[in-house]
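Hi,

Here is the structure I said I would pass on.

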Amino acid sequence: MEVIRIVNSVFRSNTFLIEDESGMCFLVDCGDIGSIVRYLQCKEFTLGAVFITHAHYDHIYGLNELFEVYPQLIVYTSLQEKQLIEISKNKHLEVYETPGHDWSSLCYKIGNNVFTGDSYLPQYGVVANLPKSDKNEALKSIERIKNISIGCNIFPGHGDIVQI
């Protein structure tokens, strides 16, 4: 599995393209899609789904345009705690509810990779100053994420990847 980071034009949010050995790809969050579509078409990969970490504009603004190219695309959001989604043979994505930055915030874990959205931004600290934020919940979620990400690479919604 390879993970490619795309730094988007809106608030420099991250979109992650997860490339599986089978030629299937998945996105975590969806910003600027031009380079993603070109990459998928060049490599002849299939886009299987998009996993949304939370519904703030900088993490979803590319979805409408992506649907124009991939009208049958599956978008996952509002998933439940510990839900397992098979993304390829013997490979699952595990869902963690991590409210605080936003009430809808989710993290995803695939093997030793944790995609934290804005629930945990190692370079920036707690971001809980938005209308649906809760600082106390955010602090609890950060501690939880630190526990589930021991020995893992961290792919935040903004900023650099933290690799083990």
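Before the strands, a word on terms: two strands pair if DSSP finds at least two bridges between them. Helices (H or I, at least four residues) and strands (E, at least two) are DSSP runs, numbered from the N terminus. Keep in mind that this is a predicted model, where local features need pLDDT of at least 70 and side-chain atom pairs count only at pLDDT 80 or more, while totals for chains, interfaces and linings use all residues. Residues are numbered from 1 along each chain as its sequence is written, and side-chain values use heavy atoms, with hydrogens and water left out.

I started with strand β7 (residues 91–97). On one side, four bridges join β7 to strand β8 (residues 106–110), and the two run antiparallel; E97 sits opposite L106 in β8. β7 also pairs with strand β6 (residues 84–88), again antiparallel and over four bridges, with E86 facing H92. β6 and β7 make a hairpin with two residues between them, and N90 in the turn has a positive phi of about 60 degrees.

Why is β7 largely enclosed by the rest of the structure? Because five of its seven residues are buried (buried is under 20% relative accessible area, exposed over 50%, partly exposed in between, with a 1.4 Å probe and protein chains only).

Next, helix α4 (residues 135–148). Its 14 residues reach 20 Å from first C-alpha to last, close to the 20 Å expected at 1.5 Å a residue (the expected span is 1.5 Å times one less than the number of residues). The buried residues of α4 are A138, S141, I142, I145 and I148. Seen down the axis, they fall within an arc of 130 degrees, so they line one face of the helix; the arc is taken from the directions from the helix axis to the C-beta atoms. N136, K140 and N147 are exposed on the other side. What covers the buried residues includes β7, β8 and β9 (113–117). At the start of α4, a side-chain oxygen of D134 comes within 3.0 Å of the backbone nitrogen of N136.

Last, the cysteines. The structure holds zero disulfides (a disulfide being a pair of cysteine sulfur atoms within 2.5 Å). For C25, the nearest cysteine sulfur is that of C42, 12 Å away. C25 is buried, at 0% relative accessible area, whereas C42 is exposed, at 65%.

Cheers

Methods. Contact means heavy atoms within 4.5 Å. A polar contact is a pair of N or O atoms within 3.5 Å; within protein, one must be able to donate a hydrogen and the other to accept it, and residues adjacent in sequence count only if both atoms are side-chain atoms.
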